[in-house]
Amino acid sequence: MPDLIAPLIPGDVRHRLKALTLVARRAIGDRGLGLHTSRARGSGLEFAAYRPYEPGDEPRQIDWKLYGRSDRFFVREAERESPVALWILLDASASMAQADARAPGYARLDAAKGLTAALAELALAQGDRFALATLSADAFDLIPAAGGTRQRDRLHHALQALGAAGGFPAEATLAPLWDRIGARDLVGIVSDWFDPACLDLATRLAAAGREVLALQVLTVTERDFDLDGGYRFRDPETGEELLGDAAALRAEFLARFAAAQATLAAAWHAAGIRHARLVLDEPLDTPLQALFGRVAR
Amino acid sequence: MNLLFPLGLAALAALALPLLLHLARRTEQRPTDFAALRWLRQKPRPRHRPRFDERLLLAARLALLAVIALVLALPVLTGTDTARAVVAVAPGAAVPPADGARQVWLAPGFPSVTAPRPAGPVPVASLIRQLDAELPPGAALTVVVPRILDGADAERPRVARRIAWRIVGEGLSPPRVPPPALPVLRYDPTVAGARYVGAALRALGQRDIAPRSAPIPRSRPLVWLAPGALPAAAIAQAEAGNIVLVARETTIPASPTVAVWRDADGAALVEAQPLGRGRLLRFTRRLAPAAMPQLLDPDFPHRLAALFAAAEPDPARVLADAYAPQPGAPAPLPPARPLWPMLAVAAALLFLVERWLATRAVRGPAP
């Protein structure tokens, strides 16, 4: 069966993800069970498996409907919920739609979706709950935290339908987030981090005890500014335009952009935010390897 | 280098065409989404420096057009001839011993003295002026002439350079002028005055006097004294270059005439009109002593013979030392060698180069 929809995670990246573990610095050893014990099965909300009845099991755990069909006792088991959820905040403002001229089919948002799916895959692999919030003034949306493959399907479904439009959402729009993100949750923000509101949100989350991962997605043009000739540059969010000759603008843009990135990195560092960068010509798991790979640990 | 047609350089305006074709399209502004716009500083518009694509091809095209414009302007190269001394020897003078200078006969085409001496009269004065005009300005010119010079004209040659005028040799004897041929006489007895004319011709020595029925000899002047139309043979005689004298009663083709013999009162006695290459003369009066008393004059035979004499040539013999060329002519334009054939070949080569550059498989980045 041909792939009608391109997979969010390329095969090689999916393979390399197996070597990674999502680790929250503050959560390790925090509640006894820890992040990696969530494989322990027991009662819970999320169905995991049926298991034949053994003496000692509580009678209320027996699935009586199944007994009616099969004339055997089966105990319904559920996964125990992990104490830590991974919240993925995906920036879906218009600036995320930007793509490089040499690869117009691979926009910043596509890479961000891939990163989101990879993060969800990591969380799923180690049994953590995960949630998605798409940050856009036009399409602010939430998928509440849950675990399991169905949650992954919900997330993929939401991602495939997602498009980038509008600006970064206002603070009032983001109020539901504060209710839902648990006090010790891991928050990964996938964005280009150009909007100061994004950094503001991250620093406040970090200050409120959430562990924040800053995942920055940049285009090749922003890193190298490899343009030549006359251009009419247009900011997709403000609509502001600028006419200029790319060659004449290059040196100063690179200097100013590097300075801005240094300022941003300093702000992350001050807020205790771990950060990693993905440029569109790099493999999708580059920031994940930097954050969770063997070298990083 | 001079241009014979400087207006041809207006074709240089065509140089703008390849320049326009190769001008990189700078004015185009590609719209681009760029989220990091806030770090792009609005600079004053960059100075518009025209940039060109495919410089090599552009250079070939410009060179091609420039050479074509130059060909249209007809360039000539002047002053390229070596200023070698020239010794011109007039026919009749002794050829001086060779001393390294170019020695030519003073004859049309200026053949070298190793060629045989040109025969016949040559217009020496005109040739001296031509030689002076054609030689490069620095070339020394020596003219060797005999003591008595043939071929002079009405003015001493006026030349732009100093000419060494050497007189060597005596010169040629004057050409013998043949005596004028006497006309034959054909007459009709009804023309009364024929006997006067016949007597005059006999006195001059002409024996061929016969009635009109006698044949007319070819290539001889003729006196035809008969009424009626001039016979075709006589007309053919005149058209072949001879002189035919007819009586007043003879009918001849109408044509403008001039008087060639007038009496003492100025009235015309004989009129002439051209006919073919020859001439047709006609008595205007009846040939009777009452109408034309000159018939009885003792010098009538000589006057009659003078009608048939050839025109005297212009005097052309001078003493050479009185005919030395005088300076003062305006300096002639130096002789020029045309350059445009070579340039046309260069244009053809450039065209081939341009075609090769424009059609080769690997071209530079397309504009």
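# A tour of chains A and B

Start with chain A: of its contacts with a separation of 6 or more, 73% are between residues 24 or more positions apart. Keep in mind that this is a predicted model.

**Stop 1: chain A overall.** Colour chain A by secondary structure. Now colour by burial. Of the 297 residues in chain A, 47% are buried.

**Stop 2: the largest nonpolar core.** Select F225(A), F233(A), L288(A), F292(A) and L40(B). Within the largest nonpolar core, which has 61 residues, these five touch the most other members. Next, select helix 3 of chain A, residues 108–125. This helix is the top contributor to the core, giving eleven residues. Burial of this kind has a general background: nonpolar side chains tend to be buried together in soluble globular proteins.

Zoom in on L288(A). Which residues does L288(A) contact, once neighbours within four places in sequence are set aside? They are L17(A), L20(A), L115(A), A118(A), L119(A), L122(A) and G293(A).

Another core lies apart from the largest one. It has 33 residues, including A90(B), A125(B), W165(B) and Y323(B). Select those four to find it.

**Stop 3: a buried pair in chain A.** Select R108(A) and E222(A). Their side chains form a salt bridge, 2.9 Å from N to O. Are the two partners buried or exposed? Both R108(A) and E222(A) are buried.

**Stop 4: where the chains meet.** Show chain B against chain A. Here 20 residues of chain B contact 32 residues of chain A. About 2600 Å² is buried between the two chains, 56% of it from carbon and sulfur atoms.

How many salt bridges are counted between chain B and chain A? The count is one. Select D33(B) and R234(A) to see the bridge; the closest N and O atoms are 2.5 Å apart. D33(B) sits in strand 2 of chain B, residues 30–33, and R234(A) in strand 11 of chain A, residues 230–234. D33(B) has 36% relative accessibility, so it counts as partly exposed. R234(A), at 31%, is partly exposed too.

**Stop 5: a pair within chain B.** Select R212(B) and D188(B). This salt bridge spans 3.0 Å, N to O. R212(B) is in the loop between strand 11 (209–211) and strand 12 (222–225) of chain B. D188(B) is in the loop between strand 10 (184–187) and helix 4 (194–204), and the two residues are 24 residues apart. R212(B) is partly exposed, with a relative accessible area of 34%. D188(B), at 11%, is buried.

Go back to chain A for a network. Select D12(A), R16(A) and D285(A), which are joined by salt bridges that share partners. Over all chains, the structure has 25 salt bridges.

**Stop 6: the domains of chain B.** Colour chain B by its domain assignment:

- Domain 1 takes residues 1–25, 52–80 and 335–367.
- Domain 2 takes residues 86–175 and 317–331.
- Domain 3 takes residues 184–308.

Finish with a distance. Over C-alpha atoms, the centres of domain 1 and domain 2 of chain B are 47 Å apart.

Note on methods: Residues numbered from 1 in each chain as written. Chains lettered and ligands numbered in written order. Predicted model: local features only at pLDDT ≥ 70, side-chain atom pairs only at ≥ 80, totals over all residues. Heavy atoms only, no water. Domains from an automatic or database assignment. Core = buried A, V, L, I, M, F, W, Y, C linked by side-chain atoms within 4.5 Å. Buried < 20%, exposed > 50% of the residue type's maximum accessible area, 1.4 Å probe, protein only. Helix = DSSP H or I, 4+ residues; strand = E, 2+ residues; numbered from the N terminus. Contact = heavy atoms within 4.5 Å. Buried area = accessible area lost by both parts, 1.4 Å probe. Salt bridge = Lys/Arg side-chain N within 4 Å of Asp/Glu carboxyl O.
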